[in-house]
Amino acid sequence: MSGKADPRPGDGSTTRTRLDRGRSALGPALELVHTGRAPTRAVLTAELGVTRATAGAVAAELEALGLIRVDARPGAAAGSQGRPSHRLSVAEDGPVALAAQVHADGFRAALVGLGGRIVATAPGCETVDADPAKVLASVVAAGAELLRETGRRCVGAGLAVPSAVAEPDGLALNPLHLAWPAGAPVRDIFAEQVRAAGLGGPAFAANDVNLAALAEHRHGAGRGARDLLCVATGHRGVGGALVLDGRLHRGSSGLALEVGHLTVHPEGRPCHCGSRGCLDVETDPLAFLTEAGRAPGPEVSLLQQSIDLIRHHYDDPAVRTATEALIDRLGLGLAGLVNILNPDRIILGGLHRTLLDADPARLRAVVADRSLWGQSGGVPILACTLDHNSLVGAAELAWQPVLDDPLGALARQE
C-alpha cells in the first residue's frame with residue numbers, strides 16, 4: 001500500500017503492520033463498496049473477516065487513492081443505540097472508465113465511475129459505418145471529449161458489441177447486424193484508437209449481452225444471484241449470458257451461451273445460421289413487428305417501435321396476438337436453458353423485458369410447464385433494471401484490473 005494513511009505519533013509500526021496485513025484486502029474491499037455490499041465499515045470488517053483496525057486502515061487507503069469516501073460522522077438512525085459505524089461510498093469525483101457500445105442502430109460513449117454510476121454520456125450516432133476502425137475512432141473521440149470536459153482520470157476503456165467475441169484474440173466473429181467483416185479484430189482496433197487518443201489504462205471488448213449480465217449482477221436485478229442467466233434482445237437478434245459466482249462464464253474461447261440459436265419454432269423463419277425458427281429470429285424486434293403485421297419505420301429503432309406498440313397498443317388484437325406468440329416462444333427457449341443450466345435467477349432485457357411486463361404470468365407458466373426444475377418451484381424471472389446496462393458492463397471490464405489490485409493498477413498508469 002502507498003502509506004498515505006496518517007498514523008498517530010508513536011504508533012507507526014503498529015499502523016504499518018495493519019496496512020501490510022490489509023494490502024491483500026484492498027481489492028476485495030473496493031469490490032464490496034463498488035457493488036454496494038459494504039455500506040459501512042462495520043459491514044466491511046465482517047465481510048473481509050479482519051479486525052476493525054485493519055478494515056479502518058484499508059478504507060483509509062482506498063480513500064487516499066481517491067476511490068471511496070469514508071464518512072466518520074454519520075448520523076445515527078432513529079431508535080438506534082451505540083456509536084454508528086463509519087459510512088462508506090464510492091468517490092463521486094473519482095476516476096472513471098470510458099465505456100462504448102456499438103449496435104445495429106448506432107453507437108454511444110459514456111464515462112462510468114465506481115458503483116456503476118454513469119457520469120456523462122455523449123450523444124449517440126444513429127448510423128454505423130461498415131469499417132469498424134472508422135466507427136471506433138468516432139466513439140473513442142466522443143469519449144475523449146467527455147474526459148476533457150469533465151477533467152476526470154481514466155482507468156481504462158471497455159467496448160460492448162453485438163457479436164460473439166472470441167478469446168484470446170478479441171475477434172468479433174459474427175457482427176451480422178453491423179455489416180462488419182466476420183472476425184474483425186475489434187479489441188485491437190479499439191485499443192489502438194484508445195492509445196491514439198492519449199487515454200490511460202487498458203482497453204477491452206466483449207459481447208453486449210455478456211456485459212449487460214455482468215452489470216446487472218453487480219448493480220441491478222441480478223445482485224445476490226449465484227447462477228444468473230440473462231437473456232436479452234436489443235436492436236436485432238437474441239443474446240444470452242451466464243454469471244457464475246460473480247464471474248462471466250465465457251467458455252473455452254469466449255463463445256459460451258449463444259442462446260439465439262435454440263430452436264423454438266421448427267417451422268418458423270429461416271435463420272442466418274442455416275436452421276429455422278431460432279430464438280434469434282423468432283423473438284427479436286423485427287420478428288415482433290412482422291408478427292404484428294407492422295412495417296418497420298425509419299423514424300426510431302426497431303426496438304423502440306416494438307416497445308411502443310406493446311405499451312400503447314396492447315388492446316389491438318394483432319399486437320396482443322404477436323405479443324403472446326413471442327412470449328410462448330421465449331418461454332420455450334428459457335425452459336430449455338433452465339433444464340440445462342439450473343440457474344437460481346433469470347433476468348430479461350430489451351424487448352424481452354417488455355414481453356415480461358406485458359404478461360408475466362403467461363411467460364412464467366410456459367417456463368414452469370416446460371422445465372423440470374420449474375415444476376418443482378420455479379425460477380424467479382425478473383426484468384433488467386439498469387439503463388444502458390451494456391455500457392455499464394463495458395465499464396466493468398475496464399474497472400476489473402483496479403478491483404483486482406487498486407494500488408498496482410493505479411500506479412501503472414502514473
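The legends below describe several close-up views of a predicted model.

Residues are numbered from 1 along each chain as its sequence is written, and side-chain values rest on heavy atoms, with hydrogens and water left out. In this predicted model, local features need pLDDT of at least 70 and side-chain atom pairs count only at pLDDT 80 or more, whereas totals for chains, interfaces and linings use all residues.

**View 1**
Helices (H or I, at least four residues) and strands (E, at least two) are DSSP runs, numbered from the N terminus.

**View 1. The pairing of strand 13 with strand 14.**
Strand 13 (residues 345-350) and strand 14 run in the parallel sense and are paired over three bridges. Within this view, I347 stands opposite L382 in strand 14.

**View 2. A cis peptide bond and two residues with positive phi.**
The peptide bond from E167 to P168 is cis, with omega near 10 degrees, and P168 is found in the loop between strand 7 (165-166) and strand 8 (171-172). L257, a residue other than glycine, has a positive phi near 65 degrees and is placed in the loop between strand 12 and helix 8 (279-282). With a relative accessible area of 15%, L257 is buried, where buried means under 20% relative accessible area, exposed over 50%, and partly exposed in between (1.4 Å probe, protein chains only). H388, likewise not a glycine, has a positive phi of about 55 degrees and lies in the loop between strand 14 and helix 14 (389-404); at 40% relative accessibility, H388 counts as partly exposed.

Side chains of opposite charge can pair when their charged atoms come close. The structure holds 17 salt bridges, each defined as a side-chain nitrogen of Lys or Arg within 4 Å of a carboxyl oxygen of Asp or Glu. In one of them, the side chains of R226 and D245 meet at 3.1 Å, N to O. R226 lies in the loop between helix 7 and strand 10, and D245 in the loop between strand 11 and strand 12, so the pair ties together parts that are 19 residues apart in sequence. R226 is exposed, with a relative accessible area of 53%, and D245 is exposed as well, at 56%.

E324 forms a salt bridge with R362, the closest N and O atoms being 3.9 Å apart. Because E324 lies in helix 11 (residues 317-341) and R362 in helix 13 (residues 360-370), the pair ties together parts that are 38 residues apart in sequence. Both partners are partly exposed, E324 with a relative accessible area of 22% and R362 at 30%. A salt bridge also joins D369 to R370, with 3.8 Å between the closest N and O atoms, and D369 is exposed at a relative accessible area of 52%.

L363, V366 and V367 are buried in helix 13. Seen down the axis of the helix, the buried residues fall within an arc of 95 degrees, so they line one face of helix 13; the arc is that of the directions from the helix axis to the C-beta atoms. These buried residues pack against helix 11, strand 13, helix 12 (351-358) and strand 14. The face turned away from the buried side of helix 13 carries the exposed residues A361 and D369.

**View 3. R311 and L355.**
R311 lies in helix 10 (residues 302-312) and, at 53% relative accessibility, counts as exposed. R311 and L355 are 44 residues apart in sequence, while their C-alpha atoms are 9.7 Å apart in space.

Notes:
Pairing = 2+ DSSP bridges. Contact = heavy atoms within 4.5 Å.
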